[in-house]
Amino acid sequence: FGRLQPQGPLTGLRVLVTSGPTHEPIDPVRYIANRSSGRQGHAIALAAAQAGAHVTLVSGPVNLPAPPGVHVVHVESAREMLAAVEVALPADAAVFTAAVADWRVAGAAEEKIKKQGGGGAPSLNLVENPDILASVSRMKAGRPQLVVGFAAETEKVLAHAQAKLARKGCDWIVANDVSPESGVMGGDRNTVHLVTAEGVEDWPTMGKDEVARRLVARIADALARGGV
Ligand code: CTP
Ligand code: CA
């Protein structure tokens, strides 16, 4: 842990952030993944550290340096991410930015799968991964005061985000508009809406670092007021 700002608005508080994609093994040399860069989650971890928090960043495989002052735990699969999150708790606030793979291969092969001359392609049997955000949101004891999810949507952004807020039991959803009209997935900027029980706040399109700083300021505010 490091605290870059001993007098910041999150001084003395613990923040957990997940970031990046997960990799779900097919066999020892192959995996299922997605295009998440981890940039938004890493920016949030850095902003929280700069605000004085003790930050644990549980990150899937990314090509990014560890943000200064942040304790990084590297994981590959969704199940490893869940286990690392459980170890990292308790926290005052938790922000789930990771693009967790929704499915993994049931019974990944222990040896590299070989082509079977003329035998055709293997089929993959997929099973659903644990929902890390939902399981932390529903913790009976030791739930973070503030649990924030992210949702990247290409259509009906607010309706889907509001449904996710209810379904997962988190406090806020940062709805990220990734429709082709509003910015490219994997780009430097994001168009987000902060969805809470009180309603929806539309934020202008801005850099991921700025989204991070603004979200961290809102989190500090909410924790100072004693919760959501
Ligand atoms: N999330 C998670 N664990 C999962 C899936 C999602 O913690 N197994 C978290 C993400 O980190 C994000 C939020 O849940 O904060 C929403 O993820 P999203 O993929 O948008 O939601 P899903 O419920 O998986 O719905 P869908 O992909 O079908 O839109
Ligand atoms: Ca998903």
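Predicted model: local features only at pLDDT ≥ 70, side-chain atom pairs only at ≥ 80, totals over all residues.
Residues are numbered from 1 along each chain as its sequence is written, and side-chain values use heavy atoms, without hydrogens or water.

The second largest pocket has a volume of about 210 Å³. A pocket is an open set of points on a 1 Å grid over the protein atoms alone, where a 1.4 Å probe fits, with protein on both sides within 12 Å along at least five of seven lines; lining residues have an atom within 4 Å of a point. The volume is the space filled by probe spheres set on the points. Of the 16 lining residues, H23, E24, P25, E76 and S77 are the closest to the centre. β2 (24-27), β3 (30-32), α2 (78-88) and β7 (103-105) each give two or more residues. The lining divides into six nonpolar, three polar and seven charged residues. Here Ala, Val, Leu, Ile, Met, Phe, Trp, Tyr, Cys and Pro count as nonpolar, Asp, Glu, Lys and Arg as charged, and the others, Gly among them, as polar.

Now the largest pocket. About 1,100 Å³ of space lies in it. It is lined by 42 residues, and A98, A99, V100, D102 and F150 are the closest to its centre. Among the elements that give two or more residues are α1, α3 (132-137) and β9 (146-153). The lining holds 18 nonpolar, 14 polar and ten charged residues.

α1 also packs against another helix. The axes of α1 (residues 39-50) and α5 (residues 208-224) come within 8 Å and cross at roughly 45°. Axes are lines fitted to C-alpha atoms over the stretch in contact, with angles from 0 to 180 degrees between N-to-C directions.

Two loops hold backbone exceptions. Most residues other than glycine have a negative phi, and most peptide bonds are trans. A cis bond joins L89 and P90, with omega about 5°. P90 lies in the loop between α2 and β6 (93-96). K156 has a positive phi of about 45°, and is found between β9 and α4.

Technical notes: Chains lettered and ligands numbered in written order. Helix = DSSP H or I, 4+ residues; strand = E, 2+ residues; numbered from the N terminus.
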